[in-house]
Amino acid sequence: MSDRDFYDVLGVGRGASPEDLKKAYRKLAIQYHPDRNPGDRDSEEAFKDAAEAYAVLSDPAKRSHYDRFGRAGLGGPQGFQGFDQEIFGDFGDILGNIFGFGNIFGGGGRRGPRAGQDLRYDLDLEFEQAAAGCEVPIKIPRLERCETCRGSGASAKDGIKTCGTCRGRGQVAFQQGFFTIARACGTCGGSGKTITNPCATCRGEGRKRVERTITVRVPPGVDDGMRLRISGEGEASPSGGPPGDLYVVLGVADHPVFQREGPNLHCDLSISVAQAALGTTARVPLLGGAETDLEIEPGSQPGAVMRLRGKGLPALDRSGRGDLLVTIRVRTPRRLTAEQRALYEKLATIEGEATAERGLFERVKDIFN
Ligand SMILES: [Zn+2]
Ligand SMILES: [Zn+2]
């Protein structure tokens with residue numbers, strides 16, 4: 001156990017709020033977690049330092065003692081007794097079930113056989129698929145329970161003996177500084193049993209690798225980076241626990257016309273100078289290939305935004321749909337036919353030459369007057 005300052009350990013200032021502490025601690029705990037850094041002593045030390053620092057600073061009474069007296073304020077090693085329980089009890093809340101915590105640490109909240117591994121699948125969707133929702137079959141290679149031995153790994157009931165390493169407890173404890181840490185037994189993988197007569201199908205694994213096709217139901221309106229959790233479709237547990245979950249991470253392609261902003265869609269509508277001045281009825285594309293009429297008022301300005309209610313994407317957090325926001329772009333002709341040129345020149349003469357520029361000069365002069 002190092003004697004670094006607890007605030008330094010967590011990388012926060014002295015005035016850190018409880019949320020800041022929790023955030024900083026969670027980050028370190030994930031980074032240095034023993035499951036991620038097997039056999040790395042430095043990570044293990046960093047992990048315990050972070051846990052110790054958080055346990056003190058997250059308790060207002062202990063924090064105030066520590067702020068005034070430093071480590072001495074905590075009453076020496078005796079002050080830490082029973083304190084591992086407290087820290088590891090918090091893990092479930094802070095880290096969620098990313099690593100299957102309760103099973104790694106004795107004294108933690110969760111007990112029982114370890115759950116199967118969670119799996120991740122990256123699913124790419126077209127924009128329209130994400131907008132409308134879809135069902136996509138995906139192939140997942142995963143470990144499933146062996147049906148020959150019903151997951152026991154043994155060819156017969158008497159082919160299973162109590163594990164000698166952990167004496168059937170499924171955990172082994174070791175002492176580190178002030179902490180007693182229990183880890184899943186390496187000999188039996190946490191099941192508390194060893195197999196003397198292995199199943200021929202799975203060679204004692206209790207699980208076998210299969211490629212399973214699962215249909216993912218994508219709800220309408222999902223966005224890029226969203227994650228769907230499919231409960232129980234991860235890997236089978238190695239020791240009779242529940243299966244893990246399957247996380248489907250969605251990648252949504254861009255649309256050639258629409259840009260998305262939450263449930264709203266944006267697109268540009270290009271009209272001519274004459275259409276902007278006189279007004280017109282324009283055709284606007286909609287999701288799914290349909291079109292609708294949009295009335296453009298005479299005198300519409302470039303950059304004006306028109307809202308088509310309910311023509312956006314299905315909202316995920318409420319009923320109904322977002323809107324389609326159409327931005328007016330006015331197209332200035334790059335080349336003119338002789339006839340157009342004559343008409344524009346006539347228009348320019350009528351309007352009085354360079355009215356806009358004259359207005360600009362007058363406004364600049366106004367500043368000096
Ligand atoms: Zn088997
Ligand atoms: Zn064991």
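Biologist: How are the donor residues of the zinc ion (ligand 2) spaced in sequence?

Modeller: The donor residues of the zinc ion (ligand 2) follow the spacing C-x2-C-x18-C-x2-C, where donors are N, O and S atoms within 2.8 Å of the metal (3.2 Å for Na, K and Ca), and sites may look incomplete because water is not among the atoms. Please keep in mind that this is a predicted model, in which local features need pLDDT of at least 70, side-chain atom pairs count only at pLDDT 80 or more, and totals for chains, interfaces and linings use all residues. Residues are numbered from 1 along each chain as its sequence is written, chains are lettered from A and ligands numbered from 1 in the order in which they are written, and side-chain values use heavy atoms, with hydrogens and water left out.

Biologist: OK, and which atoms coordinate the zinc ion (ligand 2)?

Modeller: The SG atoms of C163, C166, C185 and C188 do, at 2.2 to 2.3 Å. C163 sits in the loop between β3 (160-162) and β4 (171-176), while C185 sits in the loop between β5 (179-184) and β6 (193-195), and this pair links distant parts of the chain, 22 residues apart. The strands (E, at least two residues), like the helices (H or I, at least four), are DSSP runs numbered from the N terminus.

Biologist: Are those two buried or exposed, starting with C163?

Modeller: C163 counts as buried, at 1% relative accessibility, and C185 counts as buried at 1% too. Buried means under 20% relative accessible area, exposed means over 50%, and partly exposed is in between (1.4 Å probe, protein chains only).

Biologist: What is the geometry at the zinc ion (ligand 2)?

Modeller: The site is tetrahedral, with angles of 101 to 115 degrees among its four donor atoms; four donors count as tetrahedral if all angles lie between 85 and 135 degrees. Ideal angles for four tetrahedral donors are 109.5 degrees.

Biologist: What about the zinc ion (ligand 1), which residues coordinate that?

Modeller: The zinc ion (ligand 1) is held by the SG atoms of C146, C149, C199 and C202, at 2.2 to 2.3 Å, and its site is tetrahedral, with angles of 104 to 115 degrees. The donor residues here are spaced C-x2-C-x49-C-x2-C. C146 lies in the loop between β2 and β3 and C199 in the loop between β6 and β7, so this pair ties together parts that are 53 residues apart in sequence, and both C146 and C199 are buried.

Biologist: Changing topic: how many salt bridges are there?

Modeller: The count comes to 18 salt bridges, each being a side-chain nitrogen of Lys or Arg within 4 Å of a carboxyl oxygen of Asp or Glu. One of them joins R212 and E144, whose closest N and O atoms are 2.6 Å apart. That pair links distant parts of the chain, with R212 in strand β7 (residues 207-218) and E144 in strand β2 (residues 134-145), 68 residues apart. R212 is partly exposed, with a relative accessible area of 35%, whereas E144 is buried, with 13%.

Biologist: What is I138 in contact with, leaving aside neighbours within four places in sequence?

Modeller: I138 is in contact (heavy atoms within 4.5 Å) with Y121, L123, R212, T213, I214, V216, L246 and V248.

Biologist: Last one: how many aromatic pairs are found?

Modeller: A search of the whole structure finds three aromatic pairs; rings of Phe, Tyr and Trp (its six-membered ring) pair if their centres lie within 6.5 Å, and planes under 30 degrees apart count as stacked, over 60 as edge-to-face and the rest as tilted. The rings of Y7 and Y66 have their centres 6.2 Å apart and their planes at 40 degrees, so this pair is tilted. Y7 is buried, with a relative accessible area of 1%, and Y66 counts as buried at 6%. F6, Y7 and Y66 form one aromatic cluster.

Technical notes: Four donors count as tetrahedral if all angles lie between 85 and 135 degrees; four count as square planar and six as octahedral if opposite donors are over 155 degrees apart and all others between 65 and 115; anything else is irregular.
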